[in-house]
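My notes follow in the order I made them.

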Amino acid sequence: MCAICGCDSHAHDPATGVLHYGGPAGLSPMRAIQLEADVLGVNKRQAARNRAHFAAHGVTAYNLLSSPGSGKTTLLCATIEALKSRAPGWPLAVIEGDQQTSLDAERIRATGAPAIQVNTGRGCHLDARMVGDAFERLDLHTQHAHPADHAHHDGENHHGGQHSGALLFIENVGNLVCPALWDLGEAAKVVVLSVTEGEDKPLKYPDMFAAARLMVLNKIDLLPHVDFDVERCIAYARRVNPGIDVLQLSATRGDGIDAWLDWLRQPVAEVHTVAP
């Protein structure tokens, strides 16, 4: 048995030579049930408390997930800068997750937005307790906001009227595996996939794309220089998750930023499939 994940069974496919351990998720059924009861069960209870806490403070939280280097922090910086002009006064904050350093939090603070760094050490993901502890240290928590307190109209029809409450972006540790299992109390998971990574990622990491409400295809400015089939990637994502929204975006050049802001402005219950 593996001392890390507890895999205790495997099968060999002689036709392909592939070794399959513990089913599609990489865990034996017995081990998966044990994890659910012992670890994930505790996390789910804390996530429910986070969700209620966010709601009480008028906060909508989004959990941003990806592999390392997809451009999550760059996307957040571009989002914050865009909101300064398109929706000034919209309160927001960022919780930054990394194993070590505060480099990403410093980049967020350089935009003028508040950010709390959470270092997980050897951990490969944020959990609900980490997020709850970080939220309590943000102004979004101390201000005791309510959705009605921050309703704001930007004066232009282009962005669709009002938004409610504050935004909390949770940038998770770069990892397309473990974070998919962990509810942080967020309104939705957003998976960021850059075109430099390959269009097959939704099939290789199905749990992540199945858990996400939105897939952001980032770095589309690099499409002329990489071998990446956009339509195939979207088809793969929707094979795993037929209801997933898709946006194509370049955080550095600005392509798709307006559509991304529109998506964020929708009430969470009304978010629906966005045409790619």
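Which residues form one aromatic cluster? I found that Tyr 62, Trp 260 and Trp 263 do. I keep in mind that this is a predicted model.

**Entry: aromatic pairs**

I searched the whole structure for aromatic pairs and got 3. One of them is Tyr 62 with Trp 263, a tilted pair with 5.5 Å from centre to centre and 50 degrees between the planes. I then looked up where the two residues sit. Tyr 62 belongs to strand S3 (residues 59-65) and Trp 263 to helix H9 (residues 257-265), so this pair ties together parts that lie 201 residues apart in sequence.

I checked accessibility next. Tyr 62 is buried at 1% relative accessibility, and Trp 263 is also buried, with a relative accessible area of 1%.

Trp 263 has another aromatic partner: with Trp 260 it makes a stacked pair, 6.2 Å centre to centre and 10 degrees between the planes. I noted that Trp 260 and Trp 263 are both in helix H9, 3 residues apart, which is about one turn of the helix. In an α-helix there are 3.6 residues a turn, so residues three or four places apart point the same way. Trp 260 has 0% relative accessibility and counts as buried.

How many salt bridges does a search of the whole structure find? My search gave 11. I looked up one between Lys 72 and Glu 171, whose side chains meet at 4.0 Å, N to O. Lys 72 is in helix H2 (residues 72-86) and Glu 171 in strand S8 (residues 166-171); at 99 residues apart, they link distant parts of the chain.

Are Lys 72 and Glu 171 buried or exposed? Because buried means under 20% relative accessible area, Lys 72 at 6% is buried. Glu 171 is buried too, at 3%.

**Entry: a salt-bridge network**

I moved on to Glu 199 and Arg 232, whose side chains form a salt bridge of 3.7 Å, N to O. Glu 199 sits in the loop between strand S9 (188-194) and helix H6 (201-204), and Arg 232 in helix H8 (residues 230-240), so the pair ties together parts 33 residues apart in sequence. I recorded Glu 199 as buried, at 15% relative accessibility, and Arg 232 as partly exposed, at 41%.

I also found a salt bridge between Arg 232 and Asp 229, with 3.9 Å between the closest N and O atoms. Asp 229 is partly exposed, its relative accessible area being 31%. Through shared partners, salt bridges join Glu 199, Asp 229 and Arg 232 into one network.

**Entry: helix H4**

Which residues of helix H4 (residues 128-135) are buried? I listed Ala 128, Val 131, Gly 132, Ala 134 and Phe 135. These residues span an arc of only 165 degrees around the axis, which means that they lie on the same side of H4.

Last, I looked at the start of H4. There, a side-chain oxygen of Asp 127 comes to within 3.2 Å of the backbone nitrogen of Arg 129.

Technical notes: Residues are numbered from 1 along each chain as its sequence is written. This is a predicted model: local features need pLDDT of at least 70, side-chain atom pairs count only at pLDDT 80 or more; totals for chains, interfaces and linings use all residues. Side-chain values use heavy atoms; hydrogens and water are left out. Rings of Phe, Tyr and Trp (its six-membered ring) pair if their centres lie within 6.5 Å; planes under 30 degrees apart count as stacked, over 60 as edge-to-face and the rest as tilted. Helices (H or I, at least four residues) and strands (E, at least two) are DSSP runs, numbered from the N terminus. Buried means under 20% relative accessible area, exposed over 50%, partly exposed in between (1.4 Å probe, protein chains only). The arc is that of the directions from the helix axis to the C-beta atoms. A polar contact is a pair of N or O atoms within 3.5 Å; within protein, one must be able to donate a hydrogen and the other to accept it, and residues adjacent in sequence count only if both atoms are side-chain atoms.
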